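The exercises below are to be worked with the sequence and the model side by side. Each task is followed by its solution in steps.

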Amino acid sequence: MLVREAKLLNGTLNQYKSLDEAIRTAQFIRNKAVRYWMDNQGVNKSRLYKLSKILASEFVFVNKLNSSARQASAEVAWTSINNFYRRCKEGVKKKGYPKFKKHSRSVEYKQSGWKLSDDCLLITFTDKFKAGKFSLYCNSETREDLFTLKINRVRVVRRADGYYCQFCLDVDRKESGNYTGNLIGIDLGLKYFYKDQNDNAVVYPQYLRKSEKKLKRLQRQLSKKFVKSKKPQSNNYHKARIRLGLCHLKVSRQRKDWAIKQARCVVASNDVIVYEDLNIKNMVKNHHLAKSISDASWYQFIQWLEYYGKIWNKVVVSVNPNFTSQDCSNCGHRVKKSLSTRTHVCPSCHTEICRDTNAAINILKRGLEAVGIEWNNSTVGHTETADLASYGGASLTETLGET
Ligand SMILES: [Zn+2]
């Protein structure tokens, strides 16, 4: 379980008051549950659940709280009761008899009573307290987790400086054991988004190119409307500014979704993934539009490769990209070529393949060397490294740790 936090912003005073009411109600249920346990014998968790139902029918304000949140409050009471039992059993000196709470600062929801917007920028509380919509202020890491991980619980916490939302995320989603025996070396390029050692290419989709062109156009329109040293800029300027902002958001989301999809696909169908270290790759000083676009997507793509590698316990390795496109993948002979040379022709062993495929093979070889898997030279362009079987889950993680 991973907990991520975001600040709840842009609510009105009344909205925050509603959150307070929900928190108070959760405390009320918890205390009632503890009281019930004190007064009755043989109380268990399901009895407390029932109690929370009964309370809802007795008190109007309890009924306002979402039913799963009512249950969660009963669970909170049960946890402290259970901890008390455990300590009794263990013979700990401080038993910690359950007490009533006076200053609870949180309320917990399960799967209902709240709703995230599709872009994970807003959360709406939908129970009868009608706290409504809040903006979520958090770092990009949290945002990514909200996008990709399953949210088990949502907890509203009141702090001195405001209200926060904690998301309990499901990270035990390790779908390990889903090994395919495949290896992949990835050459990131301009002509193709990437190409692997088996000559499979993935191209950057047309719809993304189109949106990015639109972005450029809006950017130009905005700068045309900008008048230097004019205090309030014209209305048209601000309209253009908003248009650009919206477009930017859309494009970055499209780009991100696509990068995630590609990375997920690569990691799902391969056990060892080798790519070139882009931090070293800054060699092509090319201000071509396509270059900058690919750059942005490459970085995201690689981040998600690493991410899925961790979740699925697979080997994701980065290697030094120097000379990967020059060296012959078959015999190692260095064949100088310019950027425009699309085919690798080796004068030494007469291998003739696409330059990107050649690079992908070299990248894969370097990666395998780094993790200690033997590369069989006769299987160029063909992956049959059965050694993976000896590569159990544990050693896979070790390798991941090293890279
Ligand atoms: Zn050669």
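**Exercise 1.** Which residues does F134 touch, not counting residues up to four places away in sequence?

Solution. Begin with the ground rules. The model is predicted, so local features need pLDDT of at least 70 and side-chain atom pairs count only at pLDDT 80 or more, while totals for chains, interfaces and linings use all residues. Residues are numbered from 1 along each chain as its sequence is written.

Step 1. Two residues are in contact if their C-beta atoms, placed from the backbone, lie within 7 Å. By that rule F134 touches L8, L9, N10, G11, L122 and I123.

Step 2. Helices (H or I, at least four residues) and strands (E, at least two) are DSSP runs, numbered from the N terminus.

Step 3. Assign the burial class. A residue is buried with 20 or more other C-beta atoms within 10 Å of its own, exposed with 12 or fewer, and partly exposed in between. F134 has 23 such atoms within 10 Å and is therefore buried.

**Exercise 2.** Describe how helix α1 packs against α2 and α4.

Solution. Step 1. Take the axes, which are lines fitted to C-alpha atoms over the stretch in contact, with angles from 0 to 180 degrees between N-to-C directions. For α1 and α2 (residues 45–58) the angle is about 125° and the axes are 10 Å apart. The axes of α1 and α4 (residues 67–90) come within 8 Å and cross at roughly 45°.

Step 1. Classify the angles: under 35 degrees is roughly parallel, over 145 roughly antiparallel, 65 to 115 roughly perpendicular, and the rest oblique. α1 and α2 are therefore oblique to each other, and α1 and α4 are therefore oblique as well.

Step 2. List the residues. I29, K32, A33 and Y36 of α1 meet L48, L51, S52 and L55 of α2. With α4, the α1 side is A26, I29, R30, A33, V34 and W37, and the α4 side is A69, R70, S73, A74, V76, A77 and I81.

Step 3. Sort by class: Ala, Val, Leu, Ile, Met, Phe, Trp, Tyr, Cys and Pro are nonpolar, Asp, Glu, Lys and Arg charged, and the others, Gly among them, polar. The contact of α1 with α4 has ten nonpolar, one polar and two charged residues.

**Exercise 3.** How many residues has the largest nonpolar core?

Solution. Step 1. A nonpolar core is a set of buried Ala, Val, Leu, Ile, Met, Phe, Trp, Tyr and Cys residues joined through C-beta atoms within 7 Å. The largest has 38 residues, and A22, A26, A33, A74, A77, V156 and C165 have the most contacts inside it.

Step 1. Helix α1 (residues 13–39) gives the largest share of this core, eight residues.

Step 2. A second, separate core of 33 residues includes Y194, I273, W304 and L368.
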